Amino acid sequence: MPCKVFISYSHDSEEHQQNVLGLADRLRDEGIDCIIDQYEESPLEGWVRWAINQIGEAEFVLVVCTQQYSRLFSGREETLEGEGANWQGAIITQSIYDSQLNHAKFIPVVFSAQDLAHIPVILRNATSYAIDTDYEQLYRRLTNQFATPMPELGAIHQLPRRLCICR
């Protein structure tokens, strides 16, 4: 069964939206069931419930971090354009809180290394990926194909008993 991934991002610019669409299309082309809002016209349940459902059903959520996303995620910027990122930030934060700070499901990604500084504080101790240089590592993580897999645990060797020389 393919890995299900949801991408949370802000609509910073047309170029940024195209980058996100390109990432989603590439992941889908490479066997990952990736979902973004651009694939939807108008979900029956409304955008907030749609986001709650997508985040809940996804095995992983890629959090595309930019300065605007970080401000929306943390509720420090109010705009109708950013309602999705604002709601998704609240949902992600609550999910991490409910899981007792286990955020393995939430993966910060950036398209530019300068955006590493804009990873929301609750995700800063998670492994992050720059799409231009770390795509393969991200893909390996999403598909559980690690570059250095842990070898199977071997059997314990029985060592000979040591003779005790008593004086």
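**Exercise 1. Work out how many helices and strands the protein chain has, and in which order they run.**

Solution. Start with the count: in this predicted model, the secondary structure of the protein chain comes to 5 helices and 5 strands. Next, walk along from the N terminus, and you read off β-α-β-α-β-α-α-β-β-α.

**Exercise 2. Find out what share of the residues is buried, and what share of the contacts joins residues 24 or more positions apart.**

Solution. Take burial to begin with: the chain has 167 residues, and 38% of them count as buried. Now take the contacts with a separation of 6 or more: residues 24 or more positions apart account for 61% of these.

**Exercise 3. Decide how helix α1 lies against helix α5, and which residues make the contact.**

Solution. Here's the idea: two packed helices are described by the angle between their axes and the distance between the axes.

- Step one: the axes of α1 (residues 14–29) and α5 (residues 131–143) come within 12 Å and cross at roughly 40°. That makes α1 oblique to α5.
- Step two: the crossing of α1 past α5 is right-handed.
- Step three: α1 brings Leu23, Arg26 and Leu27 to the contact, while α5 brings Ile131, Tyr135, Tyr139 and Leu142.
- Step four: sort these residues, and you get 6 nonpolar, no polar and 1 charged.

Technical notes: Residues are numbered from 1 along each chain as its sequence is written. This is a predicted model: local features need pLDDT of at least 70, side-chain atom pairs count only at pLDDT 80 or more; totals for chains, interfaces and linings use all residues. Side-chain values use heavy atoms; hydrogens and water are left out. Axes are lines fitted to C-alpha atoms, for helices over the stretch in contact, and angles run from 0 to 180 degrees between N-to-C directions. Helices (H or I, at least four residues) and strands (E, at least two) are DSSP runs, numbered from the N terminus. Angles under 35 degrees count as roughly parallel, over 145 as roughly antiparallel, 65 to 115 as roughly perpendicular and the rest as oblique. A crossing is left-handed if the near helix is turned anticlockwise from the far one by less than a right angle, and right-handed if clockwise. Contact means heavy atoms within 4.5 Å. Ala, Val, Leu, Ile, Met, Phe, Trp, Tyr, Cys and Pro count as nonpolar, Asp, Glu, Lys and Arg as charged, and the others, Gly among them, as polar. Buried means under 20% relative accessible area, exposed over 50%, partly exposed in between (1.4 Å probe, protein chains only).
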